[in-house]
Amino acid sequence: MNVSKKEIDALNAVLTVEIERADYEENVTKKLKEYAKKAQVPGFRPGKVPASLVKKMYGSAVTAEEINNMVGTAVYDYIKNNEVQILGEPMPSAEQGDVDFENNDKLEFLFDIAIAPQFDLKLDGKTKVAYYDIELTDNMVQDQVKMYTSRFGQYVPVEGVSEEKDIVRGTVKGEGVDVENAIVSPMYVKNDEQKAKFVGVKEGDTFTFAPKVAYENVAELSSFLHITKDAAEELASDVEMTFTVTNITRYQEAEVNQELFDKAMGEGIVKNEEEFIAKIKESLQNNLTSDADYKFGIDVKAAVMKKLSDLQFPDAFLKRWAKTQDKDLTDEKLEEDYPKMIEDLKWHLAKEKFAKAKDIKIEFSDVEVFAKKVALAQFAQYGMPTVPDDLLKGYVD
């Protein structure tokens, strides 16, 4: 078997694989013997099917499979061993004619390949990209404290009159409706006139209101009155019912004390307000550093892409290859997406060049460290700043 490369131009080439019968015949014979041991043919016991019959039944398919496997391996071995930097994958050449697997002692297969463009890319100190140190302000810290006190607050009973953000509970009666534990949050009642009826009331007050006006959404009205959606749909807008207030609750933010520290940071992690603020600053600074890194990465990419603005690619090949990857890709969509594909490809090639020049390699341990960082960040978003190692390991894995 022989593999050779013919360059069409700087970006396109054709690989020719020549394979002779002697290259694959032994493997085909071996596989046919294996088939003979397992073949079940009427009139013959298992393992006793004549070799000639097995060859007649499976010979062509086994031969084609074996040749395809050998040719595919030869192509990729050639690319690897000769360090040919290709784009996409080798594709059967349009010049490839029909192949007669049965009646040829020598077969030839042609594959089109796209060669990655050659370019120099040096960061020699003349390319300047700003790195931003984002200032941590007192307002950011106080906003984070406010977030924690709000998150870990609770609803408490109100002895006075209701306010717009309160929860008003009571009974609703009228038009055959009798709801014992109706719940209304005035701030979510869109009609101002109806909203006003639930503000400034106290426990024991009774007043009338129009449910269909207060709740224009049929699903909400149905849930509120404990009736079907059809019944809610049929309810007239001018129908009024009575509401008797049974209790009022108001959301009270948590106090800045040890209970809040334990809930927000994990039990025993911080022991006073000073440590609490320090922990908040540390978390915020980490986030700001990540934001700065992200911005820096975007700007570095822009600077690199500017240097590669004139880089040429084998467009015809890449468009043809893209359509093999997505059978539903239309010509119109391909033309629309192609510039973005090229931008992504330029950035990929640039990163590979940098990695090779600086001998940068990603080890599995690097992936584990990064996965742990991501997992911890996700838990922190849900109010879990500390996670047991056994639980964390499962997420990292």
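This is a predicted model: local features need pLDDT of at least 70, side-chain atom pairs count only at pLDDT 80 or more; totals for chains, interfaces and linings use all residues.

Q: What does Lys393 form a salt bridge with?

A: With Asp397; the closest N and O atoms are 2.8 Å apart.

Q: And is Asp397 buried or exposed?

A: Asp397 counts as exposed, at 63% relative accessibility. The cut-off for that word is over 50%.

Q: Which residues get joined into a network by salt bridges that share partners?

A: Glu163, Asp166 and Arg250 are joined into one network that way.

Q: How many salt bridges does a search of the whole structure find?

A: The search gives 23. One of them is Lys5 with Glu7, with the closest N and O atoms 3.1 Å apart.

Q: How exposed are Lys5 and Glu7?

A: Lys5 is partly exposed, with a relative accessible area of 30%. Glu7 is exposed, and its value is 56%.

Q: What about Lys197, which side chain does it meet in a salt bridge?

A: That would be Glu240, at 3.9 Å from N to O. Lys197 sits in helix 4 (residues 192-197), while Glu240 is in the loop between helix 7 (229-234) and strand 9 (241-252), so this pair ties together parts that are 43 residues apart in sequence.

Q: How accessible are Lys197 and Glu240?

A: Lys197 is partly exposed, with a relative accessible area of 24%. Glu240 also counts as partly exposed, at 45% relative accessibility.

Q: OK, switching to the inside. Which residues touch the most other members of the largest nonpolar core?

A: That core has 27 residues, and the ones touching the most other members are Leu15, Val17, Tyr24, Val71, Val75, Phe109 and Phe111.

Q: Which elements each supply at least two residues of this core?

A: Strand 2 (12-20), helix 1 (21-38), helix 2 and strand 4 (106-115). Helix 2 gives the most, with nine residues. As a general point, nonpolar side chains in soluble globular proteins tend to be buried together.

Q: Tell me about helix 2, then. How far apart are its end C-alpha atoms?

A: Only 39 Å. Helix 2 covers residues 51-81, 31 residues in total, and a straight helix would reach 45 Å at 1.5 Å a residue.

Q: Where does helix 2 bend?

A: At Tyr58, by about 60°.

Q: And what follows helix 2?

A: Glu83, which has a positive phi, near 50°.

Q: Now the surface. Which residues make the nonpolar patch of about 460 Å²?

A: Ile360, Ile362, Phe364 and Val367 make that patch. Val367 is found in helix 12 (residues 364-381).

Q: Is Val367 exposed, partly exposed or buried?

A: Partly exposed, with a relative accessible area of 44%.

Note on methods: Residues are numbered from 1 along each chain as its sequence is written. Side-chain values use heavy atoms; hydrogens and water are left out. Helices (H or I, at least four residues) and strands (E, at least two) are DSSP runs, numbered from the N terminus. The expected span of a helix is 1.5 Å times one less than its number of residues. The bend at a residue is the angle between axes fitted to the seven residues ending there and the seven starting there. Patches are made of residues with over 30% relative accessible area and no salt bridge: like charges are joined within 9 Å, nonpolar side chains (Val, Leu, Ile, Met, Phe, Trp, Tyr) within 5 Å. Accessible areas come from the Shrake-Rupley method with a 1.4 Å probe; for residues, only the protein chains shown count as cover. A salt bridge is a side-chain nitrogen of Lys or Arg within 4 Å of a carboxyl oxygen of Asp or Glu. Buried means under 20% relative accessible area, exposed over 50%, partly exposed in between (1.4 Å probe, protein chains only). A nonpolar core is a set of buried Ala, Val, Leu, Ile, Met, Phe, Trp, Tyr and Cys residues joined through side-chain atoms within 4.5 Å.
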